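This report concerns strand pairing and charged side-chain contacts. Please read it beside the structure shown here.

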Amino acid sequence: MFSNNTVRREIRIAGHHAGKPVTITPQADPIYRELVKLARRGNYWAVLTVNGIHQLAAGRLHQNNIFVKPDAVHRDGTEEFVVILPGCRVTAEKRPDGSYRVLYMQADLNYSELMEKAEKPGLYEVSKLDKRWLARWKKKGKIKEREDRLVAISDSGYKNPDIAASRSASRVAEAPFSGGGFRVEKNGFDMHYTPGKKRIGGRINYRDAVRPLDNATLHESALLLAKTMYDARKIKGVGWIAEFGGSAVLTQALKILADRGVRLENHTAFLVRPRTSPNEAVKAAHAVGLKLDRKFSKTHMLDYIGNRDQLELIINRWRNENEKNYKWLQAITDMVEHGKSLQGAGAFMGSLAAVAGLSASAPAPAAAAAFLTALGAAVGGAATIGKLGKTMTEAWLPDKYDRIKSKF
């Protein structure tokens, strides 16, 4: 597999095209060799990283690989760029003859330990014990081999995986194929967790929300999820459920699989209040052959991003599924329902402005809690909060809303 170039003291590894190997420079070689050792010991993140280096030429030449970030073009015709892989950033160059050279590698060789501490993305098995949801890290990154297994793809912004699991549980139950809350509590689910201080997407992060495939900060997590999905491809009926910003991670993972020709025809997916483009997600879902339910996503009437391209999503579903499970009459019905939802949102915001004496534009989500309190004082009582506060709390403070709802 390896051969030493004694003149240039560089290592050449076989490429995917004859005569176009990938060359490892002496600066990058020690880290590369350590990664190979870790991969041979069964560290699945290291396997992904080593395979990513081996497949560099094929990926760079033939597809818009979403975890390759262009960096610079030099005068001698070489093009330098950065490849983002799990636990590793690879600086490489494409040479005028079409071959590739790995120049530098920055790697966290203790990546497994960081995953175990929930400081890096990973897969967890979630179960309920004494009224608490607990998340247990799965070292090999593989879901439970059970037909119709449910898998949550969580948003970022949670303090730890247990909290992410607790929030994800009620949202997993909202998927039409989940069987409801009772079954979710009984069987548990798996969860792909992405650590981070901030939520993914949303109106505040508008660029990332409308172009989820370009969000480089999620490439590492998406690649790990793609590996989990690939390993689960033979398990029947797996349901992938993205909650809020997890829609971006799922979209990227599906795109990675589609670029490699992977099909998931026995699986399905659902988005719960997506904070990134659901239309991009449905296009990626079609590309891997997912069987989608009558409803592909659930949105709140005040979810700007989730509702933004619903009409394009409906048209895409009709074009791709009209001979299967999504016919023209269903598309028309969904368009009408979507229109009613938007009218309802407009009427609600108009009522809010009239009652509270405010502009019709929604307050920033970060100020929503204070706003709700002020609104209660302004309009004199719990009756109005009962009518207006529930809708707003659910829209802008979904975690708080779910905690309150779970007590009843």
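In this predicted model, Arg 33 and Asp 29 are 4 residues apart in helix α1 (residues 29–40), so about one helical turn separates them. The two form a salt bridge in which the closest N and O atoms are 3.2 Å apart. Asp 29 is buried, with a relative accessible area of 16%, whereas Arg 33 is partly exposed at 40%.

Helix α1 also holds Lys 37 and Glu 34, which are 3 residues apart, about one turn of the helix. Lys 37 is partly exposed, with a relative accessible area of 42%, and Glu 34 is partly exposed at 33%.

A further salt bridge joins the side chains of Glu 174 and Lys 298. This pair links distant parts of the chain, 124 residues apart: Glu 174 lies in the loop between α5 (161–172) and α6 (181–187), and Lys 298 lies in strand β14 (residues 297–298).

| Salt bridge | N to O distance |
|---|---|
| Arg 33 and Asp 29 | 3.2 Å |
| Glu 174 and Lys 298 | 2.2 Å |

Turning to the strands, β3 (residues 22–24) pairs with β7 (residues 100–107) in the parallel sense over 3 bridges; Ile 24 has Val 102 of β7 as its bridge partner. Strand β6 (residues 88–94) runs antiparallel to β7 and is joined to it by 7 bridges, and Glu 93 is the bridge partner of Arg 101 in β7. The hairpin of β6 and β7 has 5 residues between the strands, and Gly 98 there takes a positive phi near 90 degrees.

Definitions and conventions:
Residues are numbered from 1 along each chain as its sequence is written. This is a predicted model: local features need pLDDT of at least 70, side-chain atom pairs count only at pLDDT 80 or more; totals for chains, interfaces and linings use all residues. Side-chain values use heavy atoms; hydrogens and water are left out. Two strands pair if DSSP finds at least two bridges between them. Helices (H or I, at least four residues) and strands (E, at least two) are DSSP runs, numbered from the N terminus. A salt bridge is a side-chain nitrogen of Lys or Arg within 4 Å of a carboxyl oxygen of Asp or Glu. Buried means under 20% relative accessible area, exposed over 50%, partly exposed in between (1.4 Å probe, protein chains only).
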